[in-house]
Amino acid sequence: MSTSTAAGPAPVAADTIADPGPLGLAGFASTTFVLSSFNAHLIDQNLLTVVLPLALFYGGLAQLLAGMWEFRKGNTFGATAFVSYGAFWLSYAAYVKFVVGTLPPDTANQATGLYLVVWAVFTVYMTVAALRTNAALLAVFAALAVTFIVLAIGEFDTSVGITKVGGWIGLVTAVFAWYASFAVVTNSTWKRPVVPLFPLTGAALGRRGGPIEGPHE
């Protein structure tokens, strides 16, 4: 008997969709690591445009797709996070490529600072929500919130030293995100817990094995 109906094929159960979390976290980690290396002044600043392809395709497009699949899985937290940070990287690429060069040099830092403040606000309240996920993910959001706040202060204060501190915190954030991605993809592949995520809300958290699922989803 056909599984199709007059309205189209039967919907695919959310549980049959592979977990998009490791992909989204890996894209976020990689792009954050590269940009933070420049913010920390570990790399020649003249090479900064190397971030743009990563921001467009891995940090941006890959995270956006991961977020769409989180919507399909019914994971509000994961969908909100990945779509938002995917949009962050896409908007960052557009900002650097098309906007920064048109701003008045004396006040361009204020525009960048405001841009960072918006993302700091978003990340702070996502950090509160992350308190109901696991320690690995909470570490990512907490470190990212501090990164945005420090970088925003550095822009408003036009302080290279503060920006460097933000860059180093961003590097730590990237490592946390890589760890969360590594843990979930490894546990999924091995079909058992191998790398701990340190759940914060008990067994309900790991119901579907993902890194960014709340207990009631």
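The protein has six helices and two strands, where helices (H or I, at least four residues) and strands (E, at least two) are DSSP runs numbered from the N terminus. Read from the N terminus on, the elements follow the order β-β-α-α-α-α-α-α. This is a predicted model, in which local features need pLDDT of at least 70 and side-chain atom pairs count only at pLDDT 80 or more, whereas totals for chains, interfaces and linings use all residues. Residues are numbered from 1 along each chain as its sequence is written, and side-chain values use heavy atoms, with hydrogens and water left out.

The predictor's confidence in each residue is given by pLDDT, on a scale from 0 to 100; the protein averages 90, and 85% of the residues score at least 70. Contact here means heavy atoms within 4.5 Å.

Taken as a whole, the protein has 217 residues, of which 46% are buried; buried means under 20% relative accessible area, exposed over 50%, and partly exposed in between, with a 1.4 Å probe and protein chains only. The accessible surface comes to about 10,900 Å², and 72% of that area belongs to carbon and sulfur atoms; accessible areas come from the Shrake-Rupley method with a 1.4 Å probe, and for residues only the protein chains shown count as cover. Among contacts with a separation of 6 or more, 69% join residues 24 or more positions apart.

The loop between helix H5 (135–156) and H6 holds Thr-158, whose phi is near 45°, a positive value in a residue other than glycine. Thr-158 is exposed, because its relative accessible area is 57%.

Helix H6 spans residues 160–190 and includes Asn-187, which counts as buried because its relative accessibility is 15%. The side chain of Asn-187 reaches the backbone nitrogen of Val-194 at 2.7 Å. Leaving aside residues up to four places away in sequence, Asn-187 touches Arg-192, Pro-193, Val-194 and Val-195.

In the segment after H6 lies Lys-191, with a phi near 60°, again a positive value in a residue other than glycine. Lys-191 is exposed, since its relative accessible area is 72%. The segment after H6 also contains Pro-199, which is exposed because its relative accessible area is 51%. Although Pro-199 and Ala-135 are 64 residues apart along the chain, their C-alpha atoms are separated by 6.2 Å.

Notes
Polar contact = N/O pair within 3.5 Å; in protein donor to acceptor, adjacent residues only side chain to side chain.
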